[in-house]
Amino acid sequence: MGKLSKQRQLHLGAFIFGVGHHVAAWRYPESDTNGLLKLDFYRQFAQAAERGKFDLIFVEDIPVLPEQWERAVNYTLPVRAETMTLLSALASATKHIGLVGTVSTTYNEPFHVASKFASLDHLSQGRAGWNAVTTSLDHTAKNFGRDQHLEHSLRYERAKEFVNVVKALWDSWEEDALLMDEAGAHWVNPDKVHEINHQGTHFSVRGPLNIHRPPQGQPVIVQAGSSTTGQAFAAQAAEVVFTAWQTLEEAQSFYTQLKSQLPAYGRSSEELKILPGILPFIGSTEEEAQEKEAAFQDLVLPTVGYGMLQNMLKVDLSSYPLDSPLPTLPDAAEINGGKSRYQLLLDMTRRENLTVRQLIHRVTGARGHRTMAGTPKQIADLMEEWFVNEACDGFNIMPPYLPGGLDAFVDLVIPELQRRGLFRTEYEGTTLRDHLGLEKPINRHAKR
């Protein structure tokens with residue numbers, strides 16, 4: 001392994017997804033399926049992650065039922081709590097951990113998003129983060145009055161402008177704009193509250209925001225696209241990137257490529273944290289962990305596996321037997337969905353000559369992210385190897401089932417990482433920016 005700086009430590013996110021990331025988690029006997037959409041279930045998750053000193057919890061948002069929705073409703077667990085409602089509730093159930101939520105730039109308006117995350121940042125005393133995504137599922141459009149999903153490059157063009165408007169709104173109140181002078185009857189200094197008067201290609205927003213400047217200055221901006229266009233967006237605007245890679249070499253290449261783009265925007269390597277996802281099956285022995293993973297795969301119905309591949313690859317595989325080779329797949333340039341995830345699956349299929357069944361096993365658990373079945377030491381070994389050899393700045397942990405999947409990681413893997421000096425034993429700050437080692441942005445009006 002490479003040489004490890006004593007100052008550098010892992011950053012960890014805990015990714016909640018239904019009752020677990022594996023598509024068959026709801027059928028696994030140890031999953032708390034009855035807890036879904038009950039606050040105690042989510043509170044237990046957040047508090048377990050906080051007990052493990054995680055930087056943040058991460059909540060995704062999918063504003064559409066997967067196609068075919070009849071299959072999704074019958075055989076999978078597509079129910080999701082609304083992102084901002086859930087994170088606001090968890091703000092009162094936790095004290096330290098960051099609260100990151102996904103909100104689409106394609107199917108929302110900047111003023112709404114700026115207001116919601118500023119509110120969450122105030123309510124949590126500086127722990128909010130926004131995962132700004134363009135939304136990859138094309139049939140989402142029909143839920144929002146559109147016949148077609150925006151083309152990939154146009155979605156990112158809109159996203160860049162969207163984020164710029166939101167950040168301008170967060171800056172529309174200067175740090176010391178609030179006076180709260182009861183005797184003089186002055187609530188604010190009007191000279192320090194600014195209209196943004198944005199007139200762009202996609203948005204026209206006057207401002208100012210109806211909420212004063214958030215405790216973090218600006219909530220942390222997270223991004224989850226890894227395509228060429230997504231990387232350019234991340235290099236300009238993101239402070240954390242969630243990504244998916246299967247091999248150390250792929251992750252290293254992405255890490256180097258993305259970090260090398262930062263200087264063009266006046267940014268340093270430390271201003272962007274890259275966190276690939278990892279789905280851990282943990283056992284006292286490697287054999288036990290692998291048996292646990294196999295038990296999950298046995299619960300996957302073939303119709304579900306075929307459906308997931310069809311959604312991700314945009315190819316109908318229903319006529320191909322499970323143990324047959326995959327057909328020739330189109331290049332990523334030909335699809336309008338999630339290009340980076342499609343390319344990852346395409347590369348994996350070509351590299352390993354996978355059958356339909358084998359690829360189903362790869363996507364039904366982690367949807368293209370790295371799956372690891374092993375002992376706590378083996379999982380820590382993999383994490384250390386990627387971290388030390390500059391393939392990542394940490395990981396987004398994706399428990400296969402809940403609550404036991406996260407509890408096992410916190411109780412068994414976290415102590416091993418701490419023993420190696422790779423992860424904190426206590427929180428050293430109070431905000432999400434503190435946890436991530438990110439500076440508070442200077443208000444653009446204060447610069448003048």
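Glu416 is located in helix H13 (residues 404-419); helices here are DSSP runs of H or I with at least four residues, strands are runs of E with at least two, and both are numbered from the N terminus. This is a predicted model, in which local features need pLDDT of at least 70, side-chain atom pairs count only at pLDDT 80 or more, and totals for chains, interfaces and linings use all residues. Residues are numbered from 1 along each chain as its sequence is written, and side-chain values use heavy atoms, with hydrogens and water left out.

Glu416 counts as buried because its relative accessibility is 16%; buried means under 20% relative accessible area, exposed means over 50%, and partly exposed lies in between, with a 1.4 Å probe and protein chains only. The side chains of Glu416 and Arg419 are joined by a polar contact of 2.6 Å. Such a contact is a pair of N or O atoms within 3.5 Å; within protein, one atom must be able to donate a hydrogen and the other to accept it, and residues adjacent in sequence count only if both atoms are side-chain atoms. Beyond its neighbours within four places in sequence, Glu416 is in contact with Pro376, Lys377 and Ala380, where contact means heavy atoms within 4.5 Å.

The loop between strand E13 (394-397) and H13 contains Pro403. The peptide bond that joins Leu402 and Pro403 is cis, with omega about 10°.

Most residues other than glycine have a negative phi, and most peptide bonds are trans. Lys53 is not a glycine, yet has a positive phi of about 65°. Lys53 belongs to the loop between H1 and strand E2 (56-59) and is buried, with a relative accessible area of 17%. Gln125, likewise not a glycine, has a positive phi of about 60°. Gln125 is in the loop between helix H4 (110-123) and strand E4 (128-133), and at 65% relative accessibility Gln125 counts as exposed.

Helix H1 packs against helix H3 (residues 83-91) at an angle of about 65°, and their axes are 10 Å apart. The axes are lines fitted to C-alpha atoms, for helices over the stretch in contact, and angles run from 0 to 180 degrees between N-to-C directions. On the H1 side the contact is made by Leu39, Tyr42, Arg43 and Ala46, and on the H3 side by Leu86, Ala89 and Leu90. By class, this contact has six nonpolar, no polar and one charged residues.

The loop between strand E1 (11-16) and helix H1 (39-51) holds His22. His22 counts as buried because its relative accessibility is 2%. Its side chain reaches the backbone nitrogen of Ala24 at 3.0 Å. Not counting residues up to four places away in sequence, His22 touches Leu279, Phe281, Phe296, Gln297, Val300, Thr364, Gly365 and Pro400.

Strand E11 comes next. Ten of the ten residues of E11 (residues 273-282) are buried, so the strand is largely enclosed by the rest of the structure. In a regular strand the side chains alternate between the two faces of the sheet. In E11, Lys273, Leu275, Gly277, Leu279 and Phe281 point one way, while Ile274, Pro276, Ile278, Pro280 and Ile282 point the other way. Strand E10 (residues 240-243) runs parallel to E11 and is joined to it by four bridges; two strands pair if DSSP finds at least two bridges between them. Opposite Pro276 in E11 stands Thr243.

His435 is part of helix H14 (residues 432-436). At 5% relative accessibility, His435 counts as buried. The side chain of His435 reaches the backbone oxygen of His96 at 2.6 Å. Apart from neighbours within four places in sequence, the residues in contact with His435 include His11, Asp55, Ile97, Arg424 and Tyr427. The C-alpha atoms of His435 and Arg127 are separated by 9.5 Å, although the two are 308 residues apart along the chain.

Gly437 lies in the loop between H14 and helix H15 (444-447). Gly437 is exposed, with a relative accessible area of 51%. Between the C-alpha atoms of Gly437 and Glu60, 377 residues apart along the chain, the separation is 23 Å.

Conventions: Ala, Val, Leu, Ile, Met, Phe, Trp, Tyr, Cys and Pro count as nonpolar, Asp, Glu, Lys and Arg as charged, and the others, Gly among them, as polar.
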